[in-house]
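Please keep the structure in view while you read, and look up each residue as it is named.

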Amino acid sequence: MNTRGHARLNGRSLRTRLLVFISMTLVAVLAAMALTTILAQRAYLLGNLDQRVTDTAERSQGGLQRRPGDATDLGFLGERGHAVGTLAARFDDEGNVSTAEVVTRDGGQQVLTAGQRAALDGIRTDGTLHTRTVPGLGTYRVTAIGGDGTSVLAGLPMDDVQDMISRLVVVEAVVAGVGLAVAGCVCAVVIRRQLRPLGRVAATAVEVSRFRLDRGEVTGLTRVPERDTDPGSEAGQVGAALNRMIDHVETSLAQRQRSEEEMRRSEERMRRFLADASHELRTPLASIAGYAELMNRGTERIESSLAWRRVSAESARMTGLVEDLLLLARLDEGRPLHSGEVDLAALVAEAVWDARAAGDTHHWELALLIDRPALVVGDEARLHQVVANLLTNARVHTPPGTTVVASVEATDACCTIRVRDDGPGIPAQFLPSVFERFTRGDASRSRTSTTGSGGSGSTGLGLAIAAAITAAHGGRITVDSEPGRTEFALTLPPAGAAPDMASDAVSDAASGSAQVGAPQS
């Protein structure tokens, strides 16, 4: 097959190529079998004919030896037993055929003409078998023998052998053609059935390729049916591999989509963060600039001592905001905190005393529910800041007369600090974002109240700092709120606890309350 033929064949389907290749193989096999059969049959028939020709020559020589005739006598052909078409000839002294006769269908003898005898010239009396075509009589198998007796030539026609070979060729051709047609049909059916799984796999691949993978949520991609994923077959292996690839693609695309969504949310948080930080910084700066302008115009507009107190207060507010932002940045970078053994009971007691001094309009209570020392390993100053932020948050966002209870619980598994108040509660729409930065209970950026770090003016960073510090200590902070009851729970691993056991204990302890997105450092 030439190059163009190969190109045309390669452009066909696998089913067509398999059928063509199998058909070509069957043709070659059948042709080889037929040729072998014909050659073997021809050799057998020729061998049988040669034996008969040799026997006829020996019989003719014996018949001549018994007859007293001359050198042209071929009367022995009239004896019984000679087949129709048997040819006999005598030689002259020079070795040429002097006379030749053939047995006719009516049992008589026909003398060969000079032209017919000429076809028998050149045959030596050595018993070698020859094939000669005698004009008017056909093809003969002849031999000549001499020896001690009279030299004689004998031959038999090959028409029967040739007719049999011709009929055998026709039969072989017909049988081969029918067999090839039947085999082709069977192969076509078998190939079609065997390639159906591969066709379904290909259809699945085509269907998946039509999905738009560059946008939108990529889920529910078509899979190869389970019946076409049998690892025992090649098509099943391809189907199983395609399913695994689709799983990987879907997982990767889902991960990419989550990453892009997280990136968009992060960018949105960053823009909101920058906007809030800019506003929070602009407010004290504007105040400082205003008081400075009043002082420049003269002291008769405002007392210098009052102006300086307001400038100092706004400077302190701006300094607190910058320090809070720097603290969050350090926690986000994962910088290590000071580490030491901290007694949570003493730490919470000090924080409650400080809160009572700062907000005497609230009722403050301390509950130590401990059966063992509430010791943890961490940064005492930062943990104190967390508790102070929670107490300040309770004081700022609840009306006077509210009862705030700070409790400490200690077990072998974990240590928990709870800050509970009986105020109006946190609105449900703010709960999911209560630990995010610059989150406040109102939408106004201009209101002033106490900061999460104890200054004058709320920045919305107190709970975000508490969550970040807690996460840096391997703990978890949660909130559970409803009208008349709001509780923040800070859970930390106890000192000396194994990291895995501490992590499990913190998770179990936190599972009792609604966990709200504390950011991880």
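Asp-480 counts as partly exposed, since its relative accessibility is 33%, and its salt-bridge partner is Arg-485, with 3.8 Å between the closest N and O atoms. Arg-485 is likewise classed as partly exposed, at 30% relative accessibility. Keep in mind that the model is a predicted one.

**The charged network**

- Through salt bridges that share partners, Asp-480 and Arg-485 belong to one network together with Glu-409, Arg-418, Arg-420 and Glu-487.
- Within this group, Glu-487 forms a salt bridge with Arg-418, and their closest N and O atoms are 3.1 Å apart; this pair links distant parts of the chain, because Glu-487 sits in strand E13 and Arg-418 in strand E11, 69 residues apart.
- Glu-487 is buried, with a relative accessible area of 8%, and Arg-418 also counts as buried, at 19% relative accessibility, because the cut-off for buried is under 20%.

**A salt bridge elsewhere in the chain**

- The search of the whole structure finds twelve salt bridges, and one of them joins Asp-50 to Arg-141, with the closest N and O atoms 2.6 Å apart.
- Asp-50 is buried at 12% relative accessibility, and Arg-141 is buried with a relative accessible area of 15%.

**The five-stranded sheet**

- Five strands make up an open sheet with mixed pairing, and their order is E8-E10-E11-E13-E12.
- Strand E8 (363–370) and strand E12 (476–482) each have a single partner strand, so they stand at the edges and one side of each is left without a neighbour in the sheet.
- From one strand to the next, the twist averages 15 degrees.
- E8 and strand E10 (residues 403–410) run parallel and are joined by eight bridges, and the bridge partner of His-363 in E10 is Thr-403.

**The helix across the sheet and the loop beside it**

- Helix H8 (residues 344–358) lies across E8, E10, strand E11 (415–421) and strand E13 (485–492), and runs at about 175 degrees to E8.
- His-362 lies in the loop between H8 and E8, and this residue is buried, with a relative accessible area of 7%.
- Leaving aside residues up to four places away in sequence, His-362 touches several residues, among them Ala-394, Arg-395, Pro-399, Pro-400 and Val-404.

Terms used: Residues are numbered from 1 along each chain as its sequence is written. This is a predicted model: local features need pLDDT of at least 70, side-chain atom pairs count only at pLDDT 80 or more; totals for chains, interfaces and linings use all residues. Side-chain values use heavy atoms; hydrogens and water are left out. Two strands pair if DSSP finds at least two bridges between them. Helices (H or I, at least four residues) and strands (E, at least two) are DSSP runs, numbered from the N terminus. Axes are lines fitted to C-alpha atoms, for helices over the stretch in contact, and angles run from 0 to 180 degrees between N-to-C directions. Contact means heavy atoms within 4.5 Å. Buried means under 20% relative accessible area, exposed over 50%, partly exposed in between (1.4 Å probe, protein chains only). A salt bridge is a side-chain nitrogen of Lys or Arg within 4 Å of a carboxyl oxygen of Asp or Glu.
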